[in-house]
Number of protein chains: 2
Amino acid sequence: MEFLVKVEVTLKKTVADPQGQAVYSALRDMGFEGTREVRVGKLIEVRVEGEDREHARSLVDEMCRRLLANPVIEDYRLEVGVDG
Amino acid sequence: MEFLVKVEVTLKKTVADPQGQAVYSALRDMGFEGTREVRVGKLIEVRVEGEDREHARSLVDEMCRRLLANPVIEDYRLEVGVDG
């Protein structure tokens, strides 16, 4: 069965985010004065074959630990959906 | 009132995604043979001051149209949360 797993990879709160800072400054300069903070992360969509949702989740969790996320500076969060 | 708005910026389905393709190949090479497709997008978290949820949404929607997303090659999706 095929599952679409969304992975949100975000920088840990304690890690500086120069890209987010640049977007923040640009938004403020454009007149969006209500902007308080911007953080930029990655959204990785993985379509994967698995026996069931839990299997798909554990496969993608392992992908995150081994390749998709850097545990020193990043957190990640998975969301498993069913794919048609 | 402060809102945390999550913006998912993804490449349109018709646009080639070399970064996703590279991750796909790496995962297959690592033995994740059930991997069918990988797409890499951006997750932008914007903390913004707004009168209410709709106001916050419309502000960030305007940010997307003017700066955060490239409508020629990207789609975006907003999710408004309340921030403590």
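Q: How many salt bridges does the rule count over all chains here?
A: The count comes to 20 salt bridges over all chains. Keep in mind that this is a predicted model. As a general idea, side chains of opposite charge can pair when their charged atoms come close.

Q: Let's take one inside a chain. What does B:K42 form a salt bridge with?
A: B:K42 pairs with B:E74, and the closest N and O atoms are 3.9 Å apart. B:K42 sits in strand β2 of chain B and B:E74 in strand β3 of chain B, so this pair ties together parts that are 32 residues apart in sequence.

Q: And how many salt bridges does the rule find across the interface of chain B and chain A?
A: Six of them cross that interface. One to look up is A:E37 with B:R47, where the closest N and O atoms are 3.1 Å apart. A:E37 also stands opposite B:R47 in β2(B). As for polar contacts, 13 residue pairs link chain B and chain A, counting pairs with both residues at pLDDT 80 or more.

Q: Which element gives the largest share of the side of chain B that touches chain A?
A: That's β2(B), with 15 residues. On that side of chain B, β1, α1 (18-29), β2 and α2 each supply at least two residues. Sorted by class, the side has 15 nonpolar, four polar and 14 charged residues.

Q: How do I read the area that chain B and chain A bury between them?
A: The size of an interface is often given as the accessible area lost when the parts come together. For this pair, about 3000 Å² is buried, 60% of it on carbon and sulfur atoms. B:F32, B:L43 and B:R47 supply 20% of the area that chain B buries against chain A, more than any other three residues. In terms of contacts, 33 residues of chain B touch 33 residues of chain A.

Q: Now the sheet. In what order do the six strands come?
A: First the general idea: strands of a sheet pair through backbone hydrogen bonds, either parallel or antiparallel. Here the open sheet reads β3(A)-β1(A)-β2(A)-β2(B)-β1(B)-β3(B), with antiparallel pairing. The β3 strands (74-82) of chain A and chain B stand at the edges with a single partner strand each, so one side of each is left without a neighbour in the sheet. Neighbouring strands are turned by 25° against each other on average, direction ignored.

Q: How many bridges join β2 of chain A to β2 of chain B?
A: There are 13 bridges between these antiparallel strands, each covering residues 35-49. Find A:K42 and you'll see that its bridge partner in β2(B) is B:K42.

Q: What does helix α2 of chain B lie across?
A: Helix α2 (residues 53-68) of chain B lies across β2 of chain A as well as β1 (2-11), β2 and β3 of chain B, and runs at about 155° to β3(B).

How values were computed:
Residues numbered from 1 in each chain as written. Chains lettered and ligands numbered in written order. Predicted model: local features only at pLDDT ≥ 70, side-chain atom pairs only at ≥ 80, totals over all residues. Heavy atoms only, no water. Pairing = 2+ DSSP bridges. Helix = DSSP H or I, 4+ residues; strand = E, 2+ residues; numbered from the N terminus. Axes fitted to C-alpha atoms, helices over the stretch in contact; angles between N-to-C directions. Contact = heavy atoms within 4.5 Å. Buried area = accessible area lost by both parts, 1.4 Å probe. Salt bridge = Lys/Arg side-chain N within 4 Å of Asp/Glu carboxyl O. Polar contact = N/O pair within 3.5 Å; in protein donor to acceptor, adjacent residues only side chain to side chain. Nonpolar A, V, L, I, M, F, W, Y, C, P; charged D, E, K, R; others polar.
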